[in-house]
Amino acid sequence: MIIFIVPIKSAQISSNWEVFSILVERTMKSICQQTSDDFKVVAVCHEIPKLNYQHPSLEFIQVDFDPPTPENIQKLQSDDPLNYRNAAKEADKAKKIMFGIEYSNKYKASHFMVVDADDCISNNIAKFVKEDSSNVPGWFFKKGYIYNEGSNLIFLNKNTFNVLCGTCIVIRSEYVGQLLQEKPYPLFNHDFTTLSTGEKMQPLPFPGAIYSIGNTENYCSTPEAVKKMNSYSFLTKDFFENIIRKLMKYRLKFVTKGLRKEFGLTKLDFTSVFNK
């Protein structure tokens, strides 16, 4: 069995909780459409998002430690200079992952995977894990998609997806501690390919996830950040170098019906939120 751990940020730090809830609902549907039923989803949160969706393999568990609100970050600032805004949010995420893993130990799972609450994953992962007869410690997602929310195009990252996105690693339960560090502050590690024991992770033989960017709720890839990453003056040296870098790393593809089906990448409708 594989357990998908989904850390969910607090409503207290969401820019729009209703929009975020719609993103989370799509993620839960994406995970739960696995072609094998040998899985569970453990979503860890402060507040349970407003979803119109249930699944027998999905459960929400709530934590009671303080969320990384601006007020709480300010309190911690003098105690730990590393605990700036994003570090505090990363620590919150890591603590939720720890909590979810500890809670899930009762299920005696063979593997774990962390899924960011606004991403989508392939429906073939649980089946692949169940049918695997090798003894590898896990798989990293060398390949994966990057999707600017609302677009009809998608970028396939061919080599470094696990560096860019946290939804990128499946690991055997006995090695799950490798995903987390506790000092100087809790942090989820996802860009490694070799364990501390020297054992090698293997690349997943198919694109495993879609990294959703520009959706207003991903603090690392807001619409403003995405625009800034691509803000090169036309026909300048930087403009052409940026194009060359992208051609080397990415392959531009259309968002097909088959891709939407495999990953549960449904088109989101936020009119119910903004037409109130």
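Reply: This is a predicted model. On its surface, Lys142, Lys143, Arg251 and Lys253 gather in a patch of positive charge.

Me: What makes this a patch of positive charge?

Reply: Its members are Lys142, Lys143, Arg251 and Lys253.

Me: Why does Arg251 count as partly exposed?

Reply: Arg251 lies in strand β14 and has 45% relative accessibility. Buried means under 20% and exposed means over 50%, with partly exposed in between. The value of 45% falls between these limits, and therefore Arg251 is partly exposed.

Me: Which residues form the nonpolar patch on the surface?

Reply: Leu153, Phe155, Leu252 and Phe254 form that patch, and together they have about 400 Å² of accessible area. Strands β8 (153-157) and β14 are the elements that give two or more residues to the nonpolar patch.

Me: Why does Phe254 count as exposed?

Reply: Phe254, found in strand β14, has 63% relative accessibility.

Me: What makes β14 an edge strand?

Reply: Strand β14 (250-254) pairs on one side only, and so does β5 (120-121). Both belong to an open sheet of five strands in the order β5-β13-β7-β8-β14, with mixed pairing.

Me: How do you know that β7 and β13 pair?

Reply: Strand β7 (residues 144-148) and strand β13 (residues 209-213) are joined in the parallel sense over four bridges.

Me: What makes strands β4 and β6 partners of β9?

Reply: Three bridges join β4 (residues 111-114) to β9, and the two run antiparallel. Three bridges likewise join β6 (residues 138-140) to β9, again antiparallel. Because at least two bridges are needed, β4 pairs with β9, and β6 pairs with β9 on the basis of its three bridges. The bridge partner of His111 in β9 is Arg172, while that of Phe140 is Ile169.

Me: Which way do the side chains of β9 point, and are they buried or exposed?

Reply: From strand β9 (residues 169-172), Ile169 and Ile171 point one way, whereas Val170 and Arg172 point the other way. In a regular strand the side chains alternate between the two faces of the sheet. All four of these residues in β9 are buried, which means that each has under 20% relative accessible area.

Technical notes. Residues are numbered from 1 along each chain as its sequence is written. This is a predicted model: local features need pLDDT of at least 70, side-chain atom pairs count only at pLDDT 80 or more; totals for chains, interfaces and linings use all residues. Side-chain values use heavy atoms; hydrogens and water are left out. Patches are made of residues with over 30% relative accessible area and no salt bridge: like charges are joined within 9 Å, nonpolar side chains (Val, Leu, Ile, Met, Phe, Trp, Tyr) within 5 Å. Accessible areas come from the Shrake-Rupley method with a 1.4 Å probe; for residues, only the protein chains shown count as cover. A salt bridge is a side-chain nitrogen of Lys or Arg within 4 Å of a carboxyl oxygen of Asp or Glu. Lys and Arg count as positive and Asp and Glu as negative; His and the chain ends are not counted. The place of a charge is taken as NZ of Lys, CZ of Arg, CG of Asp or CD of Glu. Buried means under 20% relative accessible area, exposed over 50%, partly exposed in between (1.4 Å probe, protein chains only).
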